[in-house]
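Q: I would like to learn how to read a ligand site and a domain arrangement. Can we work through an example?

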Amino acid sequence: MDVLSSPPRSLDTVCIHAGSEPDALFGAVVPPIYQTSTFVFRSPEEGAARFAGTEPGYIYTRMGNPTIARLEAAVAALEGGTGALATSSGMSAVSTVYFALLSSGDHVVCSASVYGPTRVVLERDFSRFGVQATFVDTSDPEAFREAVTPRTRLVFVETPANPTLALTDLSLAARLAREAGALLVVDNTFMSPILQRPFRFGADIVLHSVTKFLNGHSDVVGGVLVFRDEAVRMRVRAVLQYLGGTMDPHQAWLVLRGLKTLALRVRAAQENARAVAAFLSGHPAVRRVLYPGLAEHPQAALVAAQMDGPGSLLSFELKGGLEAGKKLMKAVRIPALAVSLGGVESLIQHPASMTHAAMSPEARVAAGISDGLVRLSVGCEGAEDLLADLEQALDRLD
Ligand SMILES: *Cc1c(COP(=O)(O)O)cnc(C)c1O
C-alpha cells in the first residue's frame with residue numbers, strides 16, 4: 001500500500017534509475033536490447049518448468065522479454081503501481097483491457113470526451129459482443145453518478161479531457177466504481193506520472209499511450225498498462241499474451257531512454273505552456289484560453305487537489321472562427337501542424353478543419369469544439385521563440 005501512496009524517492013530519480021539497473025553480465029550502464037523472438041531451454045525439463053511457471057525465465061517474446069520487463073518495472077515505479085504490461089500501442093492497451101475485463105451483459109461508463117478510438121471500439125465492436133457503454137461528461141458529477149448502474153463493470157475516464165481540458169474528479173470516479181463493484185481505469189496520457197498519479201485517488205488500472213510524453217520524442221508508438229493489484233495484472237497478462245498486442249524489445253528500449261528525461265521534459269514544456277497561456281490570454285484575436293494553469297480555470301480546486309501541475313496542453317478559441325483557425329495553421333512556423341502530443345517539439349492542430357472536420361457543426365459544439373478552437377501541445381523549445389512565433393502568426397489573422 002505504501003508503494004502506491006508515496007513513491008520512495010523523487011520522481012526525477014525514479015525516471016533515471018527505475019528499470020535501468022546495470023546489466024548483470026557485462027555491467028553495461030545502459031541495459032541491452034534483447035532483440036530476440038525466442039529463448040533457448042537448456043533441457044526439455046527446463047522448458048517444461050518455464051511453461052508451468054515453476055521456474056523463472058523467458059520463453060518467447062510475445063509472452064515476455066527482459067528489455068520489455070525493464071520498461072514495465074520503470075513505469076510501474078513511476079505510477080506507484082504493483083506491476084505493468086507494455087503494449088504495441090496505446091490502443092492495444094485500451095482494447096486489451098476491454099477484452100480481458102468485459103463479458104457479454106456488462107456495462108461500461110466512459111468519459112464522452114475520451115480519445116476517439118477508445119470510444120469507437122466500445123461503440124462499434126464491443127457492442128457486437130453484448131457489452132453496453134454509456135458515454136457521459138464525467139466532469140459533471142451528477143451526470144457521472146447517474147450513468148453508473150449495478151451492471152457497470154468498468155469505469156473508464158480520461159482527465160483532463162481533450163480538447164476542452166475539463167477535469168474529472170478521480171476520487172469521485174473511484175468511489176462510484178467501487179460502489180458498483182467495477183474497476184476504474186484512468187487514461188493518464190495527458191499528464192504523465194510526473195503530474196498526476198491516479199492510484200493515489202483509487203484507480204485500479206492506469207494506462208498510457210507511451211507514444212506521447214513517456215517516450216517524448218515522437219519516434220515510437222506504444223502503450224502501457226499499470227496495475228494496483230497483481231491478480232488483475234495476471235488476468236490481463238494472460239489475455240495480452242494470446243491476443244498478441246505485445247511491445248517489441250527495440251520499442252521498449254527507446255521508451256526506456258525517453259523516460260530518463262521525462263521529468264525534465266514535462267517541467268520544461270509546462271513552463272513554456274504557462275507563458276504561452278498568459279500571452280494568448282492577453283491577445284486581442286483570442287476569445288478564451290482553456291488551460292488548467294490559469295487562475296480562472298473553472299475547476300481550479302480540482303487542479304490543486306489531484307494534479308501536481310497543469311501540464312503542457314492547452315486549447316484556445318480564436319475570435320475569427322473557422323477561417324482564422326485555418327489561417328493560423330498556415331502562419332505558425334515553429335509548431336508543426338500534426339496530431340499527437342507530448343513530444344519535445346510543439347504540435348498544433350485545428351479540430352474543426354482537421355480531426356473533427358467530419359462531425360456536423362452541431363455535434364462539434366456539443367463536444368465543446370467551436371470552429372475557432374485550436375489545440376496546442378507545447379514543446380521544449382525556447383519560450384521567447386514560441387511567443388514570438390505565435391505573435392507573428394496571430395497578427396496576420398486580421
Ligand atoms: C494517443 C492517445 C491514445 C492512443 O494511443 P496510440 O499509441 O496512438 O495507440 C490513447 N489515449 C490518449 C489520451 C491518447 O492521446
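A: Start with residue classes: Ala, Val, Leu, Ile, Met, Phe, Trp, Tyr, Cys and Pro count as nonpolar, Asp, Glu, Lys and Arg as charged, and the others, Gly among them, as polar. Keep in mind that this is a predicted model.

Q: By class, which residues does the shell around the ligand have?

A: The shell is made up of six polar, four nonpolar and three charged residues. In total, 13 residues surround the ligand. Met91, Asp187, Ser209, Thr211 and Lys212 are the closest.

Q: How much of the ligand does the protein bury?

A: The size of an interface is often given as the accessible area lost when the parts come together. Here the ligand alone exposes 380 Å², and the protein buries 92% of that.

Q: Where does the ligand sit?

A: It is the largest pocket that holds the ligand.

Q: Which domains does the assignment give, and how many residues of domain 1 are in contact with domain 2?

A: The domain assignment gives domain 1 as 11–259 and domain 2 as 263–395. Their centres, taken over C-alpha atoms, are 27 Å apart. Across the boundary, 32 residues of domain 1 are in contact with 33 residues of domain 2.

Terms used: Residues are numbered from 1 along each chain as its sequence is written. This is a predicted model: local features need pLDDT of at least 70, side-chain atom pairs count only at pLDDT 80 or more; totals for chains, interfaces and linings use all residues. Side-chain values use heavy atoms; hydrogens and water are left out. A residue is near a molecule or strand if one of its heavy atoms lies within 4 Å of it. Accessible areas come from the Shrake-Rupley method with a 1.4 Å probe; for residues, only the protein chains shown count as cover. On a 1 Å grid over the protein atoms alone, a cavity is a set of points where a 1.4 Å probe fits but cannot get out, and a pocket is an open set with protein on both sides within 12 Å along at least five of seven lines; lining residues have an atom within 4 Å of a point. A molecule sits in a cavity or pocket if more than half of its atoms lie within 2 Å of its grid points. Domain bounds come from an automatic or database domain assignment. Contact means heavy atoms within 4.5 Å.
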